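Good morning, and thank you for coming. I would ask you to keep the sequence and the structure in view while I speak.

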Amino acid sequence: MSARSTGPARPWPTDRPPFRDPDDELVGGLTVAPTQPRRGLVLVRVIGEVDMLTATRLCDVLDGAVRTVAADRDTGHDSTPVDETPSVVCDLGGVTFLGASGLDVFATAEATARRHRVRLVLVAGHRAVVRPLHLTALDRRIAVTDTHPALGRGASVPEEAGR
């Protein structure tokens, strides 16, 4: 695979302020940081707890990410090679808790991605995320890996999460 320079990562298009706001601490401290390093790929880094208080925020970001890469492809503004499927890569290395609402978010995101012909990949290597995905068989519907080239390394597992 050849490396190509596509310039700096594009900031996430949104009408909201950056995804870290003062109310985060009141709703479990979830940080969701989407970026678009190149057309045809959105990288979403998630840090904190994904539960019933924070799931809506993650759901909105994943839905927007899927629609963004699909629209890039559909409008012809996508520089992704023809044989490469547009992708949303969700780095869950910083997630400390994944509740039932979070699992529902990923099931919904997978259905939306499939409908838009976008590949959804979850990057996670620690038990707090991998186990619930496995127990609910979501890991059979969604690609789950402990590393991805878009990250330039493995998932970002906080030191205390691995203990």
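I shall go from the overall plan to the core, then to a hairpin, a helix, a loop and the salt bridges.

Please note first that this is a predicted model. The chain has 163 residues, and 42% of them count as buried. It is built from 3 helices and 8 strands. Read from the N terminus, the order of the elements is β-β-β-α-β-α-β-α-β-β-β. What share of the contacts between residues at least 6 apart in sequence join residues at least 24 apart? The figure is 70%. As for the surface, the chain exposes about 8900 Å², and carbon and sulfur atoms supply 54% of that area.

Let us now look inside. The largest nonpolar core holds 33 residues, and those touching the most other members are Val44, Val46, Leu58, Leu62, Val88, Leu92 and Phe106. Two or more residues come from each of β3 (41-50), α1 (55-74), β4 (87-98), α2 (100-115), β5 (119-123) and α3 (127-135). Which element gives the most to this core? It is α1, with 8 residues. Another core lies apart from this one; it has 6 residues, including Leu43, Val89, Val121 and Val123.

Setting aside neighbours within four places in sequence, leucine 58 is in contact with Leu30, Val32, Val46, Val50, Val105 and Phe106.

Valine 32 stands opposite valine 46, which is in β3. Strand β2, residues 31-38, pairs with β3 in the antiparallel sense, over 6 bridges. Between β2 and β3 there are 2 residues, and the two strands form a hairpin. Glycine 40, in the turn, has a positive phi of about 90°.

We turn next to helix α2. With 16 residues at 1.5 Å a residue, α2 should span 22 Å; its end C-alpha atoms are 23 Å apart, which agrees. The buried residues in α2 are Gly102, Leu103, Val105, Phe106, Ala107, Ala109, Glu110, Thr112 and Ala113. Against what do the buried residues of α2 pack? They pack against β3, α1, β4, β5 and α3. After α2 comes arginine 117, which has a positive phi, near 60°.

The loop between α2 and β5 contains valine 118. Is valine 118 buried or exposed? Its relative accessibility is 7%, so valine 118 counts as buried. Its contacts show what surrounds it: beyond neighbours within four places in sequence, valine 118 is in contact with Val66, Val69, Ala70, Arg73, Thr85, Pro86, Ser87, Val88 and Ala113. Consider threonine 85 from that list. Valine 118 and threonine 85 are 33 residues apart in sequence, yet their C-alpha atoms are 6.3 Å apart in space.

Finally, the charged residues. Side chains of opposite charge can pair when their charged atoms come close.

Because aspartate 91 lies in strand β4 and arginine 45 in strand β3, the pair ties together parts that are 46 residues apart in sequence. Aspartate 91 counts as buried, at 0% relative accessibility, whereas arginine 45 is partly exposed, at 30%.

Glutamate 110 forms a salt bridge with arginine 114, and the closest N and O atoms are 3.0 Å apart. Both residues belong to helix α2, where they are 4 residues apart, about one turn of the helix. An α-helix has 3.6 residues a turn, so residues three or four places apart point the same way. Glutamate 110 is buried, with a relative accessible area of 10%, while arginine 114 is exposed, with 53%. Elsewhere, salt bridges that share partners join Arg73, Asp74 and Arg117 into one network.

Aspartate 74 forms a salt bridge with arginine 73, the closest N and O atoms being 2.9 Å apart. Aspartate 74 is exposed, at 52% relative accessible area, and arginine 73 is partly exposed, at 22%. Arginine 73 has already been mentioned, as a contact of valine 118.

That concludes my presentation, and I thank you for your attention.

Methods
Residues are numbered from 1 along each chain as its sequence is written. This is a predicted model: local features need pLDDT of at least 70, side-chain atom pairs count only at pLDDT 80 or more; totals for chains, interfaces and linings use all residues. Side-chain values use heavy atoms; hydrogens and water are left out. A nonpolar core is a set of buried Ala, Val, Leu, Ile, Met, Phe, Trp, Tyr and Cys residues joined through side-chain atoms within 4.5 Å. Buried means under 20% relative accessible area, exposed over 50%, partly exposed in between (1.4 Å probe, protein chains only). Contact means heavy atoms within 4.5 Å. Two strands pair if DSSP finds at least two bridges between them. A salt bridge is a side-chain nitrogen of Lys or Arg within 4 Å of a carboxyl oxygen of Asp or Glu. The expected span of a helix is 1.5 Å times one less than its number of residues. Accessible areas come from the Shrake-Rupley method with a 1.4 Å probe; for residues, only the protein chains shown count as cover.
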